[in-house]
Amino acid sequence: MHIRLESLIHTYGDVHAVQNVSLDIPSNAIFGIIGRSGSGKSVLIRLISLLEKPDDGAVYYDDERVDDLPDDELILRRRRIGIVFQNINLFNSRTAAKNIAYPLEICGMPKDRIKARVAELLELVGLADRGNAQISTLSGGQKQRIAIARALANNPDILFCDEATSALDPQTSRSIFELICDIQKKMNLTVVLVTHKMAVVRDVCSYVAVIDSGKVVECGSVVGIFAHPKADITKDFIADLPARPDPKDTGRTENV
């Protein structure tokens, strides 16, 4: 799914959260949006994922404008979007499998098909034996894997990840990003990933947009941006970049 943004503007009172943002997000790739806290990156992803409507501008999915859809069509379009948030927001009253099943139940899928789809997704995220587990018994990494499985339940065209691992330790975060990369390849998804860490962009993304004060200050392939950064904020991000982790360093032994 190719995504195109045309001159998006969004304000909250006197705060200009997104200022005239235009972007082309290629299909079947992982596209990073990076910026410091308060830069507007999370607001931008809410506009792209149709959780909010821009004050001005337009959002296109494969040349179809989607930000101004009627409510009934917007609901159907949102069902083909997967979103993983920093706050996992799973239902503690439901098992892992029941959490994944929830969006399928809303869509009225038959119970036998739900059961089969949930089993498929548990296998995909490496938790085939944890379907009956209560959410409170899962580790942080396992909870995020269930959240990813739930986001994929309706076979979305696009997966949005908004700081999806910021509450996890580095080793668990790496395993989650490896999972996202694997899923992207298997499902040919367009993944839009918001982060404040340049190491995530380097290790996961093919393309990146750098956001500062609600504006895109730099955009392009990760290879090109790293080789020839232009904006001062991009240079700062790269200068502060830690070394790649040693693959032999397994860190903690949490079952993620």
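This is a predicted model: local features need pLDDT of at least 70, side-chain atom pairs count only at pLDDT 80 or more; totals for chains, interfaces and linings use all residues.
Trainee: How many bridges join β4 to β5?
Mentor: Two. β4 covers residues 56-61, and it runs antiparallel to β5.

Trainee: And which residue in β5 is the bridge partner of Y60?
Mentor: That's R65.

Trainee: New topic. How many salt bridges does the structure hold?
Mentor: It holds 13. The general idea is that side chains of opposite charge can pair when their charged atoms come close.

Trainee: Which residue does D236 form a salt bridge with?
Mentor: R36. Their closest N and O atoms are 3.4 Å apart.

Trainee: Where do D236 and R36 lie?
Mentor: D236 is in helix α9, residues 232-239, while R36 is in the loop between β3 and α1. So this pair ties together parts that are 200 residues apart in sequence.

Trainee: What about K41? Which residue is its salt-bridge partner?
Mentor: E163, with the closest N and O atoms 3.9 Å apart. K41 lies in helix α1, and E163 lies in the loop between β7 and α6, so the pair links parts 122 residues apart in sequence.

Trainee: Is K41 buried or exposed?
Mentor: K41 is buried, because its relative accessible area is 6% and the cut-off for buried is under 20%. E163 counts as buried as well, at 11%.

Trainee: And E120? Which residue does it form a salt bridge with?
Mentor: R117. The closest N and O atoms are 3.0 Å apart.

Trainee: How many residues apart are E120 and R117 in the helix?
Mentor: Three. Both are in helix α4, residues 111-124, so about one helical turn separates them. E120 is partly exposed at 48% relative accessibility, whereas R117 is buried at 10%.

Trainee: Last one. Which residues do salt bridges with shared partners join into one network?
Mentor: R4, E6 and D63.

Key:
Residues are numbered from 1 along each chain as its sequence is written. Side-chain values use heavy atoms; hydrogens and water are left out. Two strands pair if DSSP finds at least two bridges between them. Helices (H or I, at least four residues) and strands (E, at least two) are DSSP runs, numbered from the N terminus. A salt bridge is a side-chain nitrogen of Lys or Arg within 4 Å of a carboxyl oxygen of Asp or Glu. Buried means under 20% relative accessible area, exposed over 50%, partly exposed in between (1.4 Å probe, protein chains only).
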